[in-house]
Amino acid sequence: MAALSIRALSKRYANLEVLKGIDLDIESGEFTVLVGPSGCGKSTLLNIVAGLDRPSAGTVEIGGRVVNDVPPKDRDIAMVFQSYALYPSMTVRQNITFGMECRHVPKAEQEKAVANVAKLLQIEPLLGRKPSQLSGGQRQRVAMGRALVRDPLLFLFDEPLSNLDAKLRVEMRMEIKRLHQRIGATIVYVTHDQIEAMTMATRIAVMHRGVVQQFADPDTVYRYPANLFVARFMGSPPMNTMRARLQADGSGPVVVIGAGRPDEVRLHLQDYDAATSYVGREVVLGIRPECIAEGDRAFSGASGPPVVVTAPVEMVEPTGAETIVLLRLGGEPAQARVSPDVRPAPGTSAPFALDTRRLCLFDPETERLIA
Amino acid sequence: MTIAASTGRGRPATSEVVRRLPEILTIWVPLLLSAAHLIAFSLWTIWISFTPSTLVPVAGWVGLRNYSAVAASRNWQIALDNLLLFGSAFVLLSLATGLILAILLDQRIRGENLLRSIFLYPLAVSFVVTGTVWSWLLNPGLGIQKLVHDLGWTAFRFDWLIDRDMAIWTIVIAAIWQSSGFAMALFLAGLRSVDADLIKAAQIDGAGAIRMYRRVILPTLWPITITVIVIQLQFAISTFDLVRALTNGGPGIATQLPALVVYDLMFQRSLLGRGAAAAVLMLLILLAVLLPYAAWRYIQRRRAIHA
């Protein structure tokens, strides 16, 4: 059963169209992440799902029921906010029970529910405290407790981790994922952080300019980005994209970077039948930084030796776990992820191995993936 | 060599003074003048309150005689009773009025700016004007009562201004009219600064309007409430011009307030020593309000730093 269905939803503020015909179907038990740069409309969409904002057109269905005219409290949802939005005058316990108090749940039942949630989130010692006496991570837990205690059809998370420091963010990320696996809740999670999206989601909806650019599982979004925006948004560093020309020789289609230059790079495409119609035309080539490595790297699962090219190195950024190298392929700038101990000197040329199994081609006009 | 060194040292200091001249002239001179003025005259008043001064200040020591005389006078006792009634009624009612106006204005209504200006406008009017206008409105022969009589309801009575028991309430009414806009402005600012997510969370939790205000929004306003109470209280304690223009302490001495007693003793009965004693007593009442407030602010700030 679809836990949440959004149909032809749009939102307009005066002359500004924030959401343009959104269609999404989210299955029960899914962890869906809405990801996109700020201003892409993801938070507006979440607010409309919660009933805190009204759509200009289209419908929202929760659990098979159209809820356009249902107030937030009757939508059977719970929400966790970026600012946590804990009631400052209430204790942690009162924060958690406030919703039940509003729904006139009997006291004994409230007590039991609080005890369960407090145990689940390990916040039992905090129940008597006020939010001002809690750390950021503890507030985050309490905010989640307030949502969990309701046991709703749908959990909505609005950038819940962006106020935490980096270390705590990673911890909470894992904890939320574990929580989802344990209780099997349906979650819609908004973030601008593509790493959060990749690590937590069962499906990702990448949004840009009020449109869902791609809605798929993380691997598909990463490997087969639907268009150039998704390719450049997901991944850190993002996918290298460069102008190239598609040619053909005896063994099939060849993508040529910097065609005609003395340092042109020719890459044979494998299993890329759709590309045949583009032979002789300009395309945009996408290649992930991890598909460019030091010259003696053997990519896992590759059947033969990789393509090795010699390319000029412009800059080297050691990150500790790996080294990011800025280089030029056929004159086009690209980033490579090489082993941490490989440090080619800037200004020299060095050999690089290319994994050509994961190349993406995009139409330069429509910017869509050529599939 | 020594000359060069000394001018070299002297010049930056002079240019520093010149550079900071506007700051010194605009901030420090007025500040020192007004502080000296305030402190010197307060100390002088305190000194006079212990002397047998009458028409003019004279040296001498009478101990607490002036104080006991003031405290024993009927005038002063009525003034204190009135202050208690006026102070608490005025503060509570102007808080309530200001809060209700602020909540109503906060409902994203049309013409909010205009209404806000209207409610705040009385604050721009001097107390003497407020007192005079209300003395006309409340005058049974001129104002509201006459208007209703002229409309045909001749049995209508609204003569609090000349009623010994009710006259103090006319001052409460005028004072609320004057300053509830101020409370409204502070409360409105507080309501506007409530985290929007907090309201959204309460909406999802299913809180209705009343529960939302009572449990979620109003508790965030209590620091503002305390500030409003203190500001209104110190106004209430030092009220002079409003009463002087509205009732002049009358009928009889029914609306006497401490500041009027001071004025009466000093300038009408020429008892400078006793007037000064009454003024010092007023200062003590003010301190009884302001010192706990200052302590509270200090603790709040300490706690904010620690958190």
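1. Where is Ala175(B) found? Ala175(B) sits in helix α8 of chain B, helices here being DSSP runs of H or I of at least four residues, and strands runs of E of at least two, both numbered from the N terminus. A word on the source: this is a predicted model, in which local features need pLDDT of at least 70 and side-chain atom pairs count only at pLDDT 80 or more, while totals for chains, interfaces and linings use all residues. Residues are numbered from 1 along each chain as its sequence is written, with chains lettered from A and ligands numbered from 1 in the order in which they are written.

2. Staying with Ala175(B), is this residue buried or exposed? Ala175(B) counts as buried because 28 C-beta neighbours lie inside 10 Å; the cut-offs are 20 or more other C-beta atoms within 10 Å for buried, 12 or fewer for exposed, and partly exposed in between, with C-beta atoms placed from the backbone. Leaving aside neighbours within four places in sequence, Ala175(B) is in contact with Phe90(B) and Leu242(B), a contact being two C-beta atoms, placed from the backbone, within 7 Å. Gly131(B) is 44 residues away from Ala175(B) in sequence, yet their C-alpha atoms are 8.7 Å apart.

3. Helix α8 of chain B deserves a look of its own. This helix covers residues 167-192, which is 26 residues. From first to last C-alpha, α8 of chain B reaches 38 Å, close to the 38 Å expected at 1.5 Å a residue, where the expected span is 1.5 Å times one less than the number of residues. There is also a bend of about 40° at Ser179(B), taken as the angle between axes fitted to the seven residues ending there and the seven starting there.

4. For chain B, an unreviewed UniProt entry lists "transmembrane region" at residues 25-47, 83-106, 118-137, 166-191, 216-237 and 275-296. UniProt positions follow the numbering used here, feature names are shortened, and annotations may be inferred rather than shown by experiment. Residues 275-296 of chain B are 100% helix and 0% strand, with end C-alpha atoms 32 Å apart. Residues 118-137 of chain B are 70% helix and 0% strand, and their end C-alpha atoms lie 19 Å apart.

5. On to chain A, which has eight helices and 20 strands. Its C-alpha atoms fill a box of roughly 80 × 45 × 40 Å along the principal axes. Of the 371 residues of chain A, 42% count as buried. Among contacts in chain A between residues at least 6 apart in sequence, 65% join residues at least 24 apart.

6. An unreviewed UniProt entry lists "domain: ABC transporter" at residues 4-234 of chain A. That stretch of chain A is 37% helix and 26% strand, with end C-alpha atoms 25 Å apart. The domain assignment gives domain 1 (2-233) and domain 2 (240-362) for chain A, their centres being 39 Å apart over C-alpha atoms. Seven residues of domain 1 of chain A are in contact with six of domain 2 of chain A. On the domain 1 side, the largest share, three residues, comes from helix α8 (residues 228-233) of chain A.

7. How many residues of chain A are in contact with chain B? The count is 18 residues of chain A against 15 residues of chain B. On the chain A side, β6 (77-80) and α2 (92-102) are the elements that give two or more residues.

8. Finally, some backbone geometry to check. Most residues other than glycine have a negative phi, and most peptide bonds are trans. A cis peptide bond joins Ser236(A) and Pro237(A), with omega about -5°; Pro237(A) lies in the loop between α8 and β11 (240-249) of chain A. His104(A), not a glycine, has a positive phi of about 60° and sits in the loop between α2 and α3 (107-121) of chain A. Glu367(A) also has a positive phi of about 60°, and is found in the segment after β20 (360-362) of chain A.

Notes: Domains from an automatic or database assignment.
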